[in-house]
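I have kept to the points I would want to check by eye.

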Amino acid sequence: MYSAPDSYPIELPTFHSEINLPYTLTPGRAAGTFLAEVKNRRIIGSRFASGRVIAPAQDFSPADGEEPEAFVEAPQTGVLTAFTRVDGQVIGFIRLDGCDNEFPHRILARLEDLAAGQRVAAEWDAGVEQSVLAIKGFVPAPDAPVGTVKPLDATEEPLGVIPYAMKLDFEHAYGPYYGRMFDEIRENGRIMGVRQPGLDAALLPPREIDDITHARTGTWKACADTGTIRACSIINMEVYGVTRKVPYVYAEIVLDGASTRMIHVIEIDDLETAKKTIKPGTRVRAVWVEGERKGRVSDIERFEVIDA
Amino acid sequence: MGRHVGIVGVGQTHHSRRRTDVSQAGLVREAVDRALADARLSMDDIDTIVVASGPVLFAAVNQPEKWVVDAIGAQGKSVVRVTSGGGAGFAGALAGYYQVAGGFSDRTLVVAYDKLSEGQLQYSISTLYDPFWGREFAVGIMGFSAAYWRARMDVLGHTEEAAAMVAAKNRNNAIDNPYAHQKKPVTVEDVLNSKPLCWPIKLLDVPPISDGAAAIVLASEKVAHHSTGRPAWIRGIAYCCEADNAAERSLMLSEPLALASRQVYRAAGITNPRRQFDVVEVQEPYSCFELNYYESLGLCPPGQAADLIASGATQRDGDIPVNPSGGCMGANPIGAVGVIRLIEAATQVMGRNETHQIKDASLALVQSGGGWANLRGCAVLSA
């Protein structure tokens, strides 16, 4: 008998997290040549030994992986083979005249005016270079003559690097254990863990099941905001995404009453002194932010060494 | 016990800080072409394919295997992607090994790569941290690695000098490696005097950031002889994990590596690793890691890694050479490194390493790992 447990989802606040990353992507020879050539208002394709033409140009045939024997100039006209509307914008597949693949792009027309099989032509965007969006989109062109693929004598040097960026937003669910821990940090300014099975020492962050014994963890326990450094290093380089002034100490700290580590930072004046004064075993205390707590680990602004 | 599996063809790119002439897919293609040519095979002869690379955030292409498949002409074949941080290449090889050993494939191509010039390496690695608990203070893998090296200094005597000896050894070994791209002679003093980045990790303790790909062809005993008269047989391979933030996790010794080596040594009949192995290839993301591996792999007892490196035994002319290729210090395209280490060990036991052959090498140990130092594996290769 398969029976569903008596549980149900509850709508609760989430934890917002962002990942922001800049990139320098490498398009390779074929795509790099296509992107370099859009400023000349040409669509560059790849011609393979089989006679197949793929546009925009590709380094490897999507049919069998073979490498192109030449770059060619593809026509700027073709046939619309499929289309849809996304966020009010029409996108479609275009089979350029004389080419063997579908080129996805914007269709600059109303959805209701389109039909699969109709002729379309590229419209360029004067303000854009080095991007597939230099072609603004394809417009219906019922009378456009059928174009032909033309050989090329010379092409621009391929672009080696294309700047790109990603911003990813996440809404993580806390779950009951993290939820209670962060509520306690925000409301009461205390760090709560749960006891290891059969022991008094608390696991931080709290969790339902002990990692080693796989037994259910015990009752909640407030840990102190003082603790001992288990491991530490002195950050002395600029890293993308880290805004804190260097040098400072990255520390893995076991709070008094806990058995697992918390990651935090300790401010220092200079590297040479910190090498000697801050090490595994050094006693530290939390320095909380002034003002309203938000219910995150950064409600503790930093840790500081407890003078012996 | 499964079927015997051999490495019968190998290929890698000339790794570099930045390859602007090829895309990620083009990079993979180069390594695959070389491995297939080396195995005297074409793509038609390959049954299954494993594509391995590091975290997607390294180079912003999600599900890259669909791009790679087109570029290597593998349409219609069985393809899986494996990713496991720094151990991605090794985990990919393990997945390929299972396919051949299990009898589901006679020839499996494993290709691993990363194109690290394209993204933000340490920031991407920081996203491995728990977003609630630690990520806002993360400094990639470097802050963490340096912190536990600092702790091992006190407990196990892994001094800055000992790690500097590792860095100098590997950097100088890399000079002869035709595939390495960082090839400057370096002294122990140079390493010690280099700029602290995450102290105790200094600039010359850190490998380069690289673009590169590496591929191997795995074959069953039945078909291996079509490619080579002397395959590198995989005598044992394992990849183990441990809990991320458990109370018992000290990070002094690498427990998952000790577990993996115990398992692999039993399979391969290794009772005295220091005496039995002719050559060792390890993945050392920072110099300090190699000291840790000496102990977890049983090349020396815990606490004696500094003595082992100081004795010269792990130099290329020592009794247990470690990273005669230069290891990660010559090139570090992270996701590919597990396969690069396998290639280095395989060419040693096949007796065909052109530039840094260890004389009469017939038994080699390979180590690789990923994740938060909590995924560690090793393999034994023999002639």
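**Notes on the A/B model**

1. Let me begin with one contact across the interface. Glu136(B) makes a salt bridge with Arg296(A), and the closest N and O atoms sit 4.0 Å apart. Across the interface of chain B and chain A, the rule finds two salt bridges. Keep in mind that this is a predicted model.

2. Polar contacts come next. Between chain B and chain A, 24 residue pairs are in polar contact, counting pairs with both residues at pLDDT 80 or more. By type, the chain B residues touching chain A split into 29 nonpolar, 14 polar and 17 charged.

3. How much area is buried between chain B and chain A? The figure is about 5300 Å², and carbon and sulfur atoms account for 62% of it. In chain B, the residues that lose the most area to chain A are Phe132(B), Trp133(B) and Phe137(B), which together make up 18% of what that side buries. In residue terms, the contact draws 60 residues from chain B and 70 residues from chain A.

4. There is also strand pairing between the chains. Strand E15 of chain A (residues 226-235) pairs with E5(B) in the antiparallel sense, over two bridges. Within that pairing, Trp199(B) in E5(B) is the bridge partner of Ile234(A).

5. Trp199(B) turns up again in the backbone geometry: a cis peptide bond joins Trp199(B) to Pro200(B), with omega about 10°. Pro200(B) belongs to the loop between E5 and strand E6 (201-202) of chain B. I would look at this spot together with the pairing in point 4.

6. Chain A has a cis peptide bond as well, between Ala55(A) and Pro56(A), with omega about 0°. Here the proline, Pro56(A), lies in the loop between E3 and E4 of chain A. For context, most peptide bonds are trans.

7. One phi value in chain B deserves a check. Ala60(B) has a phi near 65°, a positive value in a residue other than glycine. Where does Ala60(B) lie? Its place is the loop between strand E2 (48-53) and H2 of chain B. As background, most residues other than glycine have a negative phi.

8. Now the sheets of chain A. One is an open sheet of five strands in the order E7-E6-E5-E8-E9, with antiparallel pairing. Its edge strands are E7 (103-106) and E9 (135-140), each of which pairs on one side only. The twist from one strand to the next averages 40°. Inside this sheet, E5(A) (residues 77-86) and E6(A) (residues 89-96) run antiparallel and pair over eight bridges. As a landmark for that pair, Arg85(A) stands opposite Val90(A) in E6(A).

9. A second open sheet in chain A has four strands in the order E3-E2-E4-E10, again with antiparallel pairing. Here the edge strands are E3 (53-54) and E10 (150-151), each pairing on one side only. Five bridges connect E2(A) (residues 43-47) with E4(A) (residues 70-74), which run antiparallel. Ser46(A) has Phe71(A) in E4(A) as its bridge partner. Helix H1 of chain A (residues 28-37) packs on this sheet, where it touches E2 and E4, and its direction makes about 155° with that of E2(A).

Definitions and conventions. Residues are numbered from 1 along each chain as its sequence is written. Chains are lettered from A and ligands numbered from 1 in the order in which they are written. This is a predicted model: local features need pLDDT of at least 70, side-chain atom pairs count only at pLDDT 80 or more; totals for chains, interfaces and linings use all residues. Side-chain values use heavy atoms; hydrogens and water are left out. Contact means heavy atoms within 4.5 Å. Buried area is the accessible area (1.4 Å probe) that two parts lose on being put together, summed over both. A salt bridge is a side-chain nitrogen of Lys or Arg within 4 Å of a carboxyl oxygen of Asp or Glu. A polar contact is a pair of N or O atoms within 3.5 Å; within protein, one must be able to donate a hydrogen and the other to accept it, and residues adjacent in sequence count only if both atoms are side-chain atoms. Ala, Val, Leu, Ile, Met, Phe, Trp, Tyr, Cys and Pro count as nonpolar, Asp, Glu, Lys and Arg as charged, and the others, Gly among them, as polar. Two strands pair if DSSP finds at least two bridges between them. Axes are lines fitted to C-alpha atoms, for helices over the stretch in contact, and angles run from 0 to 180 degrees between N-to-C directions.
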